[in-house]
Amino acid sequence: MGIELAVAALAGIGAGIFTGLVPGIHVNLVSVLLITLSSSLLGFASPLALATFIISLGITHTFLDAIPSIFLGAPDADMVMGVLPGHRLLLEGKGFEAVKLTTVGSFLSLLGTLAVVPLLIPVFPYLHSLIEPYLAYLLILVVAFMVWKEKQTRKIVWAILVFFLSGVLGIVTLGWPNLNQPLFPLLSGLFGISALVLSLQQKVKIPPQSISETIIVDKVSQTKAIGAAMLSGGLAGLLRGLGSAQAAILAMEMVPGLNMFAFLILVGGINTVNFAVSLVTLYTLGKARNGAVVAVLELLKSISAQQLIIFLATALFAGSIATLLTLFIAKKFAVWMQKINYQGLCLAVIAFIT
């Protein structure tokens, strides 16, 4: 069993590299695809091994997805808030340092989250019972705050329109009769082809990149960013309907005045914390908060304390390896990116998803 889980974790890291680096291939997409193939895969691996694969994949993805978001301008839903400051550094020839900041945020936030898991386990059921009756009103307040932040009337109208259209899309897709895997086509469009089509329209000339070490973030700003990432990412992992992008907006209100560098640490941390905390939510409440954890729940139906420990150990293992891999690949990307036919890559991925 131990060897099987180790192999599954390593395979998940490999798959996380693929999903993290290839624009449009989201971890949720792969997880849902794995569920559709699970009847065949269970002949070769146990449900726990497949779940371990998904956890390792998901954690690794939260580290590696910063590379295409910053270097190629193709963010997924979790990294969209970090694109603008990341691109600003990219245009200064400091794309590697931008990726390094998100990686630092991801790893330190993961360590902090794993350290407080024993405290979260007894607290989450209490928090959930306290918040659940008012969750709809809380989410309405979050949405209203996000719309209000747009300031301009035209943008506010568009934000309201997009909000209601997304609700209609969810009702139609999830309520479609005889559609066994509604998330697969839904995520293919939302996290896949749409981001690629948008990124195809961006034709920015990228200057030569340097592998420099010039950016230093003071300890106070680092601590604020990591703390805000753990708190807001934890809320996203606990509350349904709250994603990483919304958590980043809330975090900015918690710690106003963060500079661009600390903000990248914050965004990197939120994504990883969100995924890690969703495992605690699955254990304590039996509820899934993202597509990957939905796949784990489908495989195992529920998780025991021993399985939670295995998953958290897998998260730490995958996060440690992903930290080194992200920095190594980002250095290579800084050299290779000017040789990549990005439009051809996007078109090839669109064809693959279709």
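Reader: Where does K151 lie?
Author: K151 lies in the loop between α8 (135-148) and α9 (153-174). Keep in mind that this is a predicted model.

Reader: Okay. Is K151 buried or exposed there?
Author: Exposed, with a relative accessible area of 55%. K151 also has a positive phi of about 70°, although it is not a glycine.

Reader: And K301, what's its phi like?
Author: K301 has a positive phi of about 70° and is not a glycine either. You'll find K301 in the loop between α14 (291-300) and α15 (305-336). It counts as exposed, because its relative accessibility is 61% and the cut-off for exposed is over 50%.

Reader: Switching to the inside: which residues touch the most other members of the largest nonpolar core?
Author: That core has 93 residues, and the ones touching the most other members are I54, I67, F71, L266, V296, L300 and F311. Helix α13 (residues 260-285) gives the most to this core, with 15 residues.

Reader: Let's pick F311. What does it touch?
Author: Leaving out residues up to four places away in sequence, F311 touches L48, A51, T52, I55, L279, V296, L300 and I303.

Reader: Back to α13, then. How do α4 and α13 cross?
Author: The axes of α4 (residues 47-64) and α13 come within 8 Å and cross at roughly 160°. Angles over 145 degrees count as roughly antiparallel, so α4 and α13 are roughly antiparallel to each other. Their crossing is left-handed.

Reader: Which residues make the contact?
Author: From α4 there are I54, I55, G58, I59, T62 and F63, while α13 brings N271, T272, F275 and L279.

Reader: How many of those are nonpolar, polar or charged?
Author: The contact of α4 with α13 divides into 6 nonpolar, 4 polar and no charged residues.

Reader: New topic: L34. Where is it found, and what does it touch?
Author: L34 is found in helix α2 (residues 27-36). Not counting residues up to four places away in sequence, L34 touches L41, L50, F53, I54 and L299.

Reader: Is L34 buried or exposed?
Author: Buried: L34 has a relative accessible area of 9%, and buried means under 20%. As a general point, nonpolar side chains tend to be buried together in soluble globular proteins.

Reader: Last one. How many residues apart in sequence are L34 and A295, and what's the gap in space?
Author: L34 and A295 are 261 residues apart in sequence, and their C-alpha atoms are 7.9 Å apart in space.

Conventions. Residues are numbered from 1 along each chain as its sequence is written. This is a predicted model: local features need pLDDT of at least 70, side-chain atom pairs count only at pLDDT 80 or more; totals for chains, interfaces and linings use all residues. Side-chain values use heavy atoms; hydrogens and water are left out. A nonpolar core is a set of buried Ala, Val, Leu, Ile, Met, Phe, Trp, Tyr and Cys residues joined through side-chain atoms within 4.5 Å. Buried means under 20% relative accessible area, exposed over 50%, partly exposed in between (1.4 Å probe, protein chains only). Helices (H or I, at least four residues) and strands (E, at least two) are DSSP runs, numbered from the N terminus. Contact means heavy atoms within 4.5 Å. Axes are lines fitted to C-alpha atoms, for helices over the stretch in contact, and angles run from 0 to 180 degrees between N-to-C directions. Angles under 35 degrees count as roughly parallel, over 145 as roughly antiparallel, 65 to 115 as roughly perpendicular and the rest as oblique. A crossing is left-handed if the near helix is turned anticlockwise from the far one by less than a right angle, and right-handed if clockwise. Ala, Val, Leu, Ile, Met, Phe, Trp, Tyr, Cys and Pro count as nonpolar, Asp, Glu, Lys and Arg as charged, and the others, Gly among them, as polar.
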